[in-house]
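Please look over the sequence and the coordinates shown here before reading on. The notes that follow are meant to be read beside them.

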Protein chains: 2
Amino acid sequence: MSTFNVELKKVVDDSYEIEIGYDLKSKLVHDLEGGLVGKTKKIAVITDSNVRDLYAKEICEAIVDAGFSLDLFVFAAGEKSKTRETKAMLEDAMLEKGYRRDCAIIAIGGGVVSDLAGFLAGTFARGVPFVNYSTTLLSAADASVGGKTAVDTALATNLIGLFNQPKKVYIDVETWKTLPERQLKSGMAETIKHACLANYEMFEFLEQNMEAIYALQKFPCEYITENNCRIKYDVVMKDELESGLREVLNLGHTVGRAIETVSDYQLLHGEAVSIGMAAQVQLSARLGYMSEEQAERVIALFDKAGLPTKIPEYIDREALVKKLYTDKKVRDGKIRFVLQKGIGEVVEFSPNVYSTPIEESVAREIIFEL
Amino acid sequence: MSTFNVELKKVVDDSYEIEIGYDLKSKLVHDLEGGLVGKTKKIAVITDSNVRDLYAKEICEAIVDAGFSLDLFVFAAGEKSKTRETKAMLEDAMLEKGYRRDCAIIAIGGGVVSDLAGFLAGTFARGVPFVNYSTTLLSAADASVGGKTAVDTALATNLIGLFNQPKKVYIDVETWKTLPERQLKSGMAETIKHACLANYEMFEFLEQNMEAIYALQKFPCEYITENNCRIKYDVVMKDELESGLREVLNLGHTVGRAIETVSDYQLLHGEAVSIGMAAQVQLSARLGYMSEEQAERVIALFDKAGLPTKIPEYIDREALVKKLYTDKKVRDGKIRFVLQKGIGEVVEFSPNVYSTPIEESVAREIIFEL
């Protein structure tokens, strides 16, 4: 018996820049000319059937004008397209067009596009550079930091995928103007959640500037986008050292995820999270982690954002309580919640554990009252 | 316009050990108990329909006896199973059995198993630990170092996949005894190739010990396995610094890959490489990089190993010449060969370029004479 040691220790630098602004296509072209994706001149743009005509075609034209060779690959818009089958379809289309090692991928769209294209880029020729051009508030807050990419399968959400960092992310606030109002509001739910868990000042800013954000005014939109990135980054980075912190991003998601499923996806993710946040602050107030006034203030902000804070009549509350037990935070058969400590902080239940076990009877009371 | 910098610089240590020996299952169990794959007790073993009864079941029993929970996932043996569809089928089977983030994967088999299982492990829950238990000479030489994992598609070989390093590799020389003779010899082709490109002493050793290796004697088998790992490692490591060196592993593969395809895979990969090596040394001798005697000595070693060194009668030589142009080394429409410089070295055509452009007329002559 003998052994051979494969030494593979090295410094990896996956750092990248997030650019936040209005109509960033000329910036993108400029960066590509400057070598953002290396020497390749062959670019696959991946987008969905909604974003194609709204933004992708125009961006593609600008890239082609700069002398790049490019093909546009489109899949049907919607969460239902986030599958291994769509990924394979796009891969085959790229191979058919002669794409091999020497190419780069640009994702243009929201979270579904960046999840799918980021995963595809990570396994195409064992990894080609990719760039993310975000066109939704939700993906600005959520998909731009953390490097998580994945597809869904019948049996599991977001379980087949990988960590893959983009070369750069562009958050084009201008594109939010074509988002359906319900989608924009849904994206706002995660923004308010971020403020609640990490930044009281941002919470106050949202109270004072909600109309200005919805009117897509420059300063407030850039302010919330930067803060969304900052909060997500701080949590994700610290989590690499003291694993467990990432759980705080689950604030409002215990009831939120459950109600999203029980509503059979009639509620958008952000709407469900908004209701989940309302349940969470009630619970946090009841347990003495925040005052009644603070809880009401959080709920008032979700109301102001045009988001639901009551459980709709058509939801079976018994089914909802039962559903809580499928939450990924459940441990030893016990439901757990991430809870707020006032506004701008979360409860650390024990060192590095940010979820608190809750008696079913207490959760039930909150749910039946909401 | 504003920017946010995501700093992601860190030290990554993917180092691992390759254990070479006879019947390593108790060593594997011992390592698992020692925390090789972390704290998880949930292990998915992936193997093919040939290896299942030969080795996998027995290894699984030993692991279960040690208190691990385990399921065995089997796919149909053969290169044709190395697809996205097989990967999806295995993923669904694992999800169905309740496998989530908290598991580890052990691949037991040859190159197809490790390629498929290594890729699957890299994208299951965004990456779970995996271990490679190699049962063929070819995968001992080829699949144990470098971290390349992939599947094939109708349009491309090994193009969808990723770099994923195992936690440990076990090369169980005992398992070679059940390899069909043709497979064992085919694996020897890559071993001789390694000696030709990097190690004259190993070449002499092979000349003197071919019978002993085929009789699976302990010392010579361990010697060639260690040297295979060493050579592959040196090439792959250096390639990370001065990209281009990895190309030397393509020695013998210009004609080899082409003839493999033109034979419609009647020739095994190693058989095709053996013929490709014969063509390559003729060419190297003709261009003065090695003597006629050295070329004959290389061909004699492939003969001694029971490998073909002539192009079979049924091969259409015109089709073969044409096929050379689909080689991945082709640049500016010119065929390129990696060439030997004597025995144990390769020709560096220009700094960091290890393939040499060859006139079609010269390649044609060699092919029609072989």
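This is a predicted model: local features need pLDDT of at least 70, side-chain atom pairs count only at pLDDT 80 or more; totals for chains, interfaces and linings use all residues.

Chain A contains 13 helices and 12 strands, and 59% of its 370 residues count as buried.

**Relation between the chains**

- Two copies of a chain are related by a rotation about an axis and a shift along it.

**Overall form of chain A**

- A compact globule with 370 residues would have a radius of gyration near 21 Å, and the value of 21 Å for chain A agrees with this.
- Taken along the principal axes, the box filled by the C-alpha atoms of chain A is roughly 70 × 60 × 35 Å.
- Among the contacts in chain A with a separation of 6 or more, 75% are accounted for by residues 24 or more positions apart.
- Chain A has an accessible surface of about 14900 Å², and carbon and sulfur atoms hold 49% of that area.

**Helix α1 of chain B**

- Helix α1 of chain B spans residues 25-33, and its buried residues include B:Lys25, B:Leu28, B:Val29, B:Asp31 and B:Leu32.
- These residues cover an arc of only 160° around the axis, which places them on the same side of α1(B).
- The other side of α1(B) carries B:Ser26 and B:His30, which are exposed.
- The cover over the buried residues of α1(B) includes two kinds of element from chain B, namely the helix α2 (51-65) and the strands β4 (42-48), β6 (104-109), β7 (130-134) and β10 (168-172).
- Just after α1(B) comes B:Gly35, which takes a positive phi of about 95°.

**Helix α9 of chain A and A:Gly256**

- Seven of the 10 residues of α9(A) are buried, so this helix is largely enclosed by the rest of the structure.
- The buried residues in question are A:His253, A:Thr254, A:Val255, A:Gly256, A:Ala258, A:Ile259 and A:Glu260.
- They pack against α6 (181-198), α10 (269-286), α12 (317-323), β11 (336-337) and α13 (360-369) of chain A.
- Within α9, which covers residues 253-262 of chain A, lies A:Gly256, and its relative accessibility of 0% means that A:Gly256 counts as buried.
- When neighbours within four places in sequence are left aside, A:Gly256 is in contact with A:Ala272, A:Val273 and A:Gly276.
- From A:Gly256 to A:Val128 the distance is 36 Å, C-alpha to C-alpha, and the two are 128 residues apart in sequence.
- Just after α9(A), A:Asp264 takes a positive phi of about 55°.

**Cysteines**

- A disulfide is a covalent bond between the sulfur atoms of two cysteines.
- Counted with a cut-off of 2.5 Å between cysteine sulfur atoms, the number of disulfides over all chains comes to zero.
- For B:Cys60, the closest cysteine sulfur is in B:Cys103, and the 14 Å between the two sulfurs is too far for a bond; B:Cys60 counts as buried, at 6% relative accessibility.
- For B:Cys196, the closest cysteine sulfur is in B:Cys229, and the 18 Å between the two sulfurs is likewise too far for a bond; B:Cys196 counts as buried, at 0% relative accessibility.

- Although A:Arg126 is not a glycine, it has a positive phi of about 60°.
- A:Arg126 sits in the loop between α4 (111-123) and β7 (130-134) of chain A, where A:Arg126 is buried with a relative accessible area of 11%.
- B:Asn352, which is not a glycine either, has a positive phi of about 65°.
- The loop that holds B:Asn352 runs between β11 (336-337) and β12 (356-357) of chain B, and at 32% relative accessibility B:Asn352 counts as partly exposed.

Notes
Residues are numbered from 1 along each chain as its sequence is written. Chains are lettered from A and ligands numbered from 1 in the order in which they are written. Side-chain values use heavy atoms; hydrogens and water are left out. Buried means under 20% relative accessible area, exposed over 50%, partly exposed in between (1.4 Å probe, protein chains only). Helices (H or I, at least four residues) and strands (E, at least two) are DSSP runs, numbered from the N terminus. The arc is that of the directions from the helix axis to the C-beta atoms. Contact means heavy atoms within 4.5 Å. The radius of gyration is taken over C-alpha atoms; the globule rule is 2.2 Å times the number of residues to the power 0.38. Accessible areas come from the Shrake-Rupley method with a 1.4 Å probe; for residues, only the protein chains shown count as cover.
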